[in-house]
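Subject: Structure handover

Hello,

Here is the structure we talked about. Please open it first, then read the notes below.

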Amino acid sequence: MHEYSLTLNLIETLDEERIKNNAKKLKKISLKIGKFSGVEPILIFHCFEILKKEKEEFKEAELQIEIENPQVKCKNCGNVFEPEDFPFICPNCGNIYNEMIKGFDIIIEKIEMEI
């Protein structure tokens, strides 16, 4: 379960931002998790709920997760599309050689802190 280590890294990053901004505590964190990131959002959420109890500054923090649909660009015709599943076949020309441009990352969208 690599979600546990990802959540530990997330908490470390959030704490660095909290310290950098001289904040007392975190209130709300908004994450965007790509559908093809290989990460189970529900596991990130549960790990966060468990790990936040270990830090006083995180105890009231709320984690919101948005799933980001993938976006792919065809290397043949340049068409940008949202595939339903793998393999990513261009609906315009049928090409299978495509570049994923969105939907594979984990992004911290917003952090709300109490100063």
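Start in helix H1, where Asp15 and Arg18 sit 3 residues apart, about one turn of the helix. An α-helix has 3.6 residues a turn, so residues three or four places apart point the same way. Keep in mind throughout that this is a predicted model.

**Salt bridges**

Asp15 and Arg18 form a salt bridge. Their closest N and O atoms are 2.8 Å apart. Both residues are buried.

Asp15 has another partner. Lys55 forms a salt bridge with Asp15, with 3.2 Å between the closest N and O atoms. This pair links distant parts of the chain. Lys55 is in the loop between H2 and E2, Asp15 is in helix H1, and 40 residues separate them.

How exposed is Lys55? Its relative accessible area is 25%, so Lys55 is partly exposed. Asp15 has a relative accessible area of 12%, so Asp15 is buried. The cut-off for buried is under 20%.

Lys52 and Glu49 also meet through their side chains in a salt bridge, at 3.4 Å from N to O. Lys52 counts as buried at 9% relative accessibility. Glu49, at 24%, counts as partly exposed. Elsewhere, salt bridges with shared partners join Asp15, Arg18, Lys55 and Glu57 into one network. The structure holds 11 salt bridges.

**Nonpolar cores**

The largest nonpolar core has 14 residues. Which of them touch the most other members? They are Leu14, Ile29 and Phe48. Helix H1 (2-20), strand E1 (25-34) and helix H2 (41-51) each give two or more residues to this core. E1 gives the most, with 4 residues.

Look closely at Phe48. Leaving aside neighbours within four places in sequence, Phe48 is in contact with Thr7, Leu10, Ile11, Leu14, Ile29, Phe58, Ala61 and Leu63.

There is also a second, separate core of 5 residues. Cys74, Phe81, Phe88 and Cys90 are among them.

**The buried side of H2**

Which residues of H2 are buried? They are Pro41, Ile44, Cys47, Phe48 and Leu51. These residues cover an arc of only 125° around the axis, so they lie on the same side of H2. What covers them includes H1, E1 and strand E2 (62-68).

Best wishes

Note on methods: Residues are numbered from 1 along each chain as its sequence is written. This is a predicted model: local features need pLDDT of at least 70, side-chain atom pairs count only at pLDDT 80 or more; totals for chains, interfaces and linings use all residues. Side-chain values use heavy atoms; hydrogens and water are left out. A nonpolar core is a set of buried Ala, Val, Leu, Ile, Met, Phe, Trp, Tyr and Cys residues joined through side-chain atoms within 4.5 Å. Buried means under 20% relative accessible area, exposed over 50%, partly exposed in between (1.4 Å probe, protein chains only). Contact means heavy atoms within 4.5 Å. The arc is that of the directions from the helix axis to the C-beta atoms. A salt bridge is a side-chain nitrogen of Lys or Arg within 4 Å of a carboxyl oxygen of Asp or Glu.
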